[in-house]
Amino acid sequence: MLQGYLGEYTAPLIHGLIHVAVRLCRDAWLQRRAQAAPEERGERGDTSVLAGLYGPAEAKVSKELPDRAALEVLLRPKVGLPGVLERSREQLLRQTCEAVVLGVLHPRTAISLVLQVLSDAGSLLSCCLNAACMALLDAGLPLAALFCGVTCALQPDGTILLDPTARQEQEARAILTFAIASSDRKVLMATTKGSCSVEEMQQCLAAAQRAADTIFQFYRDSVRRRYSKC
Amino acid sequence: MIEVKASSLCSVYVQVGSLYGRSILELNLGKHLFCYISLEFPHCSLTVLLCSFVRCFDSQIIYCCGFVLAGFFFLYLAYSGACILTSLSLCSRTVEPLEYYRRFLKENCRPDGRELGEFRTTTVNIGSITTADGSALVKLGNTTVICGVKAELAAPAVDSANKGYIVPNVELPSLCAERFRSGPPGEEAQAASQFIADVIENSQMIVKEDLCIANGKLAWVLYCDIICLDYDGNLLDASVFALLAALKNVHLPLVTINEETGLSEVNLKQKNPLIIRKHPVATSFAIFDDTLLIVDPTAEEEDLATGTVTIVTDEEGRLCSVHKPGGSPLTGAKLQDCITRAITRHKEVKKLIDKVIKSITPK
């Protein structure tokens with residue numbers, strides 16, 4: 001499993017505030033075409049992001065859009081104040097969410113998505129994407145498709161590693177993060193760090209699209225588990 | 001578009017844009033001949049029913065009647081069509097900008113006359129700011145971006161004692177476009193600054209170790225200020241190009257550390273150009289209606305687009321950055337098309353930069 005299991009769900013608060021905690025567990029299973037080093041298996045890092053979705057609520061007159069909902073994403077790092085990196089990630093997340101949320105059904109409203117990084121052990125952006133999608137799902141917003149985040153690391157010897165740890169990310173010569181849509185496995189968002197050749201990018205994309213199936217199955221299981229309890 | 005269909009023997013169907021009318025001459029099985037004219041418009045329906053009973057079965061008379069009626073209809077159309085056609089094209093650009101654009105895109109071109117894969121005229125002016133260590137002004141159509149590089153000395157960071165710093169900053173002042181208000185940098189400016197920092201890091205165009213003067217003691221800091229003077233879309237392409245041109249123009253003085261005093265001595269007479277290892281070039285695309293990709297969007301096109309993609313390539317054809325911040329989903333094949341176009345663009349830009357640098361180097 002790309003992600004071992006879902007952490008605790010908190011009970012929905014009044015006015016539809018839903019909190020979703022997504023936990024990412026490292027697993028040697030997802031290392032494709034690479035020998036799993038024995039010390040990696042022992043490592044159990046957790047990347048945790050808490051997502052809170054508020055809305056559709058009344059928007060400030062300065063922010064409201066006449067024909068659709070105004071989506072706002074706030075990403076708070078674990079330490080320090082949000083800087084330029086967080087702003088650029090917020091823009092990526094916001095435009096990804098805007099592509100799937102059917103905002104035209106809720107004009108002149110505001111939807112706020114707040115993401116708090118609890119711990120970072122690698123693949124942070126894809127964890128934020130997954131948390132954002134699950135929050136949208138849990139809040140019951142009308143969506144055109146689901147999306148999931150997958151991070152691929154290209155190691156110096158050319159092998160592709162999915163869902164890398166922080167150490168693997170540092171050693172990799174390129175890290176590519178994709179958001180894959182559920183409807184037809186198309187690329188919703190792509191961002192790269194480091195340089196790679198075109199063929200390598202296509203291979204990473206193909207690997208990410210295959211891994212997306214696993215994540216969507218995980219979404220399905222989590223939602224089923226949640227609604228079978230209560 | 002006027003379409004005239006004559007189906008079977010006795011009906012004429014005419015369509016002008018969304019206006020259509022039928023003139024049907026029907027021969028009833030019985031002894032009656034009905035002539036039925038119906039004129040339909042999008043806004044109102046006007047039905048004129050003309051019945052004429054002709055007990056004569058002479059087919060020649062029937063044909064004559066049909067053509068006469070069709071003739072009347074055409075006359076009417078000619079009069080009203082002219083008015084409607086002019087009103088159809090008048091309301092489009094401001095009232096329905098997307099429809100207006102779609103009409104051009106259907107013919108595989110854009111309102112400013114460009115093809116879908118054509119860039120605007122790119123001009124570059126290097127070394128215009130004499131107070132900066134390096135500068136460049138880039139115009140991509142109407143989009144004007146200026147980059148100024150200032151070099152200062154600083155102590156390197158403790159954990160990377162042999163590395164200098166490169167600090168890019170993109171500013172979108174309120175003078176460049178109406179949408180930008182004065183005050184702290186907005187999201188677009190901050191995202192653009194992060195993008196430029198990522199491009200410098202990913203492409204390794206300047207290796208930070210080259211900026212170090214004395215390990216752990218002294219290193220260069222390059223402050224790259226990219227200011228947009230006129231925003232007409234495609235900011236990222238112009239910024240990357242301006243940065244590359246400005247860095248090629250930078251000449252740093254030789255700095256030595258006096259061993260006895262421990263102070264740095266700057267020799268302003270002897271200047272060396274920066275070592276630029278890679279030349280990244282950005283190409284931006286706008287996605288329309290989930291399928292069409294157009295290159296180098298203007299501000300109007302960016303507003304109408306459903307997504308954007310920016311590809312940064314270097315001279316070896318390697319990808320330095322694939323930046324697709326959300327928007328319409330794309331298949332891997334479409335991304336591949338973008339990358340191919342980006343590689344072609346890189347060659348054009350590299351030629352331009354080399355020409356300009358050669359023209360300013362003193363012989």
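1. Two strands count as paired here if DSSP finds at least two bridges between them, and helices (H or I, at least four residues) and strands (E, at least two) are DSSP runs numbered from the N terminus. Please keep in mind that this is a predicted model, in which local features need pLDDT of at least 70, side-chain atom pairs count only at pLDDT 80 or more, and totals for chains, interfaces and linings use all residues. Residues are numbered from 1 along each chain as its sequence is written, chains are lettered from A and ligands numbered from 1 in the order in which they are written, and side-chain values use heavy atoms, leaving out hydrogens and water.

2. With that settled, chain A has an open, antiparallel sheet of four strands in the order 6-5-7-8. Its edges are strand 6 (160-162) and strand 8 (187-194), each with a single partner strand, so one side of each lacks a neighbour in the sheet. From one strand to the next the twist averages 20 degrees. Strand 5 (residues 147-154) and strand 6 of chain A pair over three antiparallel bridges, and Leu154(A) has Ile160(A) as its bridge partner.

3. Helix 2 (residues 84-100) of chain A packs on this sheet, touching strand 5, strand 7 (174-181) and strand 8, and makes about 165 degrees with the direction of strand 8. Helix 3 (residues 124-139) of chain A touches strand 5, strand 7 and strand 8 too, at about 170 degrees to strand 5. Contact means heavy atoms within 4.5 Å; axes are lines fitted to C-alpha atoms, for helices over the stretch in contact, with angles from 0 to 180 degrees between N-to-C directions.

4. Now to the interface: 26 residues from chain B meet 29 residues from chain A. The two chains bury about 2500 Å² between them, 54% of it on carbon and sulfur atoms (accessible area, 1.4 Å probe, lost on being put together and summed over both parts). Glu187(B), Arg318(B) and Leu319(B) supply 22% of the area that chain B buries against chain A, more than any other three residues.

5. The rule finds one salt bridge across this interface (a side-chain nitrogen of Lys or Arg within 4 Å of a carboxyl oxygen of Asp or Glu). Arg94(A) and Glu187(B) form a salt bridge at 2.6 Å, N to O. On the chain B side, helix 4 (187-203), strand 17 (319-323) and helix 7 (332-360) each supply at least two residues, and helix 4 of chain B gives the largest share, six residues.
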